[in-house]
Every structure is written in C-alpha cells, then in structure tokens.
Amino acid sequence: MAMTAWTAPSHSAPRHVTILGSTGSVGQSTADLIARDPESYCVEALVAANSVEALAEQARRLKAKMAVVANPQRYRALKDALTGTSIEAAAGPEAVTEAASRPAEWVMAAVVGFAGLAPTLCAARRGAMVALANKEALVCAGRLLTDAIRESGGVLLPVDSEHNAIFQVFDAGQRPAVDRLILTASGGPFRNWSLADMAEATPEQALAHPNWDMGAKISIDSATMMNKGLELIEAHLLFGLPSEQIEIVVHPQSVIHSMVAYRDGSVLAQLGTPDMRVPISHALGWPSRIDGPAERLDFANLSPLTFERPDSSRFPSLRLAREALGFGGLAPTVLNAANEVAVAAFLARRIGFLDIARIVEDVLAAGDAMTTMVASLQQVHAAESEARRRAEEAVKSHELTI
Ligand SMILES: NC(=O)c1ccc[n+]([C@@H]2O[C@H](COP(=O)([O-])OP(=O)(O)OC[C@H]3O[C@@H](n4cnc5c(N)ncnc54)[C@H](OP(=O)(O)O)[C@@H]3O)[C@@H](O)[C@H]2O)c1
C-alpha cells in the first residue's frame, strides 16, 4: 500500500483554519492553541454536534466566521447564542460538510466516530491540510481517504499522539530501511486488573484513564485497548507497513509516544508529556514548528520508563483489530461500527465491559463480503449500517438484566 505523501504546501499568514469537533477534547485543545496566538490564525468555521453554548463561546473568542451544529434542532439556540455578532450560524449534516468545504487551508478533523468521515473526506478532496484526530474516519474509509488526499494534493497530518510521533521520526525517503513501527500503549485503567474484575467494571471506572484526559468514546476504547487496535490499522494506512511490521508495546508512563526501528538497529522515538497540545501544535504549525504550552519533560525527575507485552487474552480487541486488518476490504469498517455500537451500549449500562469485545467478535464473524475492496463511499456506508444493525442485535442478546 502506498504511503501518504507529505509535501509542504505554500504557507500563508495568517493560516486559515477550521475545527471539526471544536467542543470536544481535541477540539478544545486546538482552540486553546489558536487563542494563544490569534494573529497567526483566521478561523473559518467551528463545528459541534449539540454543544451550542460552548460552540458560541468559542466562535466569539476565536472570531470565527461560521459556527455549525450537526443537530438541526439546535439551530435556534445557536442563532440566539450568537446574537449581536456577525458569525454565520448553520445546522444539520449538510451544513457540517459545507463548513469543511470552506476555504480553510488547515482543517482539524476531531469529530468522534464514523460521523466525522463525510466532512473529513470533503476537506481531503479539496486539497486541505487535514490534521487527523478522527481515526475512525480513516479506519472505515481507508484508501478512499488517502487517495482523496493524494489526488487533491492535500496533506494528512497525523494528530493521534502515536502517529504524530512516528510521523516526526519516520524517514519517508528511507522506507525500505524501516524494520518496524512500535506503537506504545498506556495499557489503560485496567492494565493490571483480573478478568473477573474487568467483567464487573463500571463506565466510571473505564472512563478514568490514568494518563490522558479524553472524550468518552476514546477513553472506553483505551480501556478495552480497541483504541490501539484502531491505531494499528491507522498506522498501516498512514505509513504503508504491513501488520507484521507494526508492534504494540505497553508503556504505562506515556512518555515515549511511539518509535520507528530501522534495519541498521537504530530506534528513533518521540517523547513528551502526555498532553495532546504537543501533537496538535506539531500539526498546527507544520511544516514549521510553533511554541507550545505543554509542560516540559523533566528528565532528572522522570519516573522509570517501563515496557511490557500487551495481554491479548484480557484485551481481545487487539487481536480482533489485527484480524480485521488481515481480512482487509470492509472488515475494518465492520470492526469500527460494531465497536461504536458496543461502546455506546456499555456507556448506557446495557452491557458489561467484556461484552464490548464479544459483540465486535460476533459481528466480525458474521460479516459477509468483508474482503471486498473498498471502492466507493456508498459501499462503506452500506457496510457500516449493516454492521450497526447486527451489533444492535448482538447488544440485545448480551443485554444486562438489572
Ligand atoms: N481526546 C484525545 O486525547 C484524543 C487523542 C487521539 C485521538 N483522538 C481522536 O479524536 C477524535 C475526537 O476525540 P475527542 O476525545 O476529542 O472526542 P469528544 O471529546 O467526544 O469530542 C467529539 C467532538 O465531536 C463533535 N461531534 C460529535 N458527533 C458529531 C457529529 N455528528 N457532527 C459534528 N460534530 C460531532 C462533538 O460535539 P458535541 O460537544 O456537541 O457533542 C465534539 O465537539 C476521536 O476520533 C478520537 O479517537 C482523541
């Protein structure tokens, strides 16, 4: 699989930017960086799902031209919250995509889940620099997204801290000299829990990530380690290495964000404090480097850095993601859809923690035609909605009776 090309486009100042998912964890960190240096950015559009008050506050603060909520029923509330400003308000899924089509040269794709695919693809197709946090979009659409970037002359800038780390130390001109990518994983809140305890885990316990402060969906994915599974697929698509050359290592301190091992024996790593503003700053300034506010690493006072193998018997999601990548075609789309449904059901206390992976496994096992090449967006949508339907059925069969 061809690796995404990273060629620096011409740079304009101020940089015109759009944030898709601006009210979320990654979106707020991006807004924070922009607010620290307002002269350097011009905000075209901000997008959220429902959080009208937070969105309107950001739009005022960042002097955005447009603010969009995906939920059409929140239009009136958004309009009211923007009274007295010249900020354009809009609502609904089409307006979200329209926001992505605005002439921002840099777009932060930080909507959570499959819902982020349409606007991310829109930005990719018009040749924007797409700062990609929304890993589910890439996992589901795969080549459609990387091809769109290549054909439009755009750029895909990895924001996930692991992929951003690899991006920083991956020598694209020496690809045959790369032995393997090493994705680090914190291990999540249940790293040392027994299976019996994990079976009883509550959403509150699963949401309590030891190192990172993130949105609910990715926090649960970190607890099941499906997050690392999605990242394995993401790394394959971004850097073009096969599954066998992508290793996952548990590194509980989250100081080394990932590594590239070369055939001569050298291993290059990127390090930093666990603060998403580090990779976001890297993407926001790219190809230059900008000042970032994250706490600096203090090596003399750092706790020892440790590493261990992931335990795929307690975290079967890792194996499932590797299998989906091995199947190819639409299997990653099916994996992701089933996982989104199962995570939402766990958060709604309908199923137990260990049922999340069971449901994903059931849906993956039942998937037909998964090895079909992903040729169109319609195919992706059809596979995703069929997998969702199956996952909903599986949720019903695992539903807790309290
Ligand atoms: N958080 C992290 O540290 C981190 C690290 C690496 C990668 N990522 C990835 O980045 C993405 C965002 O994660 P997050 O933790 O920032 O999530 P989050 O805190 O849940 O925020 C999600 C954002 O997306 C918006 N949104 C949800 N559905 C939408 C829709 N249908 N249309 C438009 N906007 C929608 C939400 O708006 P409302 O506020 O109105 O709901 C919110 O602004 C995920 O794919 C995640 O895997 C996150």
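This report walks through the ligand site, a surface patch and some backbone details of the structure above.

A quick word on the ground rules: this is a predicted model, where local features need pLDDT of at least 70, side-chain atom pairs count only at pLDDT 80 or more, and totals for chains, interfaces and linings use all residues. Residues are numbered from 1 along each chain as its sequence is written, and side-chain values use heavy atoms, with hydrogens and water left out.

**Around the ligand**

Let's start with the ligand. There are 25 residues around it, and T23, N50, S51, E136 and G215 come nearest; a residue is near if one of its heavy atoms lies within 4 Å. By type, the shell divides into 13 nonpolar, nine polar and three charged residues. Here Ala, Val, Leu, Ile, Met, Phe, Trp, Tyr, Cys and Pro count as nonpolar, Asp, Glu, Lys and Arg as charged, and the others, Gly among them, as polar. At least two shell residues each come from α1 (25–36), β2 (41–48) and α6 (135–141). Those labels are DSSP runs numbered from the N terminus: helices (H or I, at least four residues) and strands (E, at least two).

The table lists some polar contacts, meaning pairs of N or O atoms within 3.5 Å.

| Residue and atom | Distance to a ligand oxygen atom |
|---|---|
| A49, polar backbone atom | 3.0 Å |
| S51, polar side-chain atom | 2.7 Å |
| G215, backbone N or O atom | 2.9 Å |

The protein covers 85% of the 900 Å² of accessible area that the ligand has on its own. Accessible areas come from the Shrake-Rupley method with a 1.4 Å probe; for residues, only the protein chains shown count as cover.

**A nonpolar patch**

Over on the surface, L271, F299, L305 and F307 form a nonpolar patch, and together they have about 360 Å² of accessible area. Patch members have over 30% relative accessible area and no salt bridge, and nonpolar side chains (Val, Leu, Ile, Met, Phe, Trp, Tyr) are joined within 5 Å. A salt bridge is a side-chain nitrogen of Lys or Arg within 4 Å of a carboxyl oxygen of Asp or Glu. L305 sits in the loop between α13 (277–285) and α14 (317–327).

**Backbone details**

P287 lies in the loop between α13 and α14 too. A cis peptide bond, with omega about 10 degrees, joins W286 to P287.

M225 isn't a glycine, yet its phi is positive, near 70 degrees. M225 is buried, at 3% relative accessible area (buried is under 20%, exposed over 50%, partly exposed in between).

How values were computed: Patch = residues over 30% accessible without salt bridge, like charges linked within 9 Å, V, L, I, M, F, W, Y side chains within 5 Å. Polar contact = N/O pair within 3.5 Å; in protein donor to acceptor, adjacent residues only side chain to side chain. Buried < 20%, exposed > 50% of the residue type's maximum accessible area, 1.4 Å probe, protein only.
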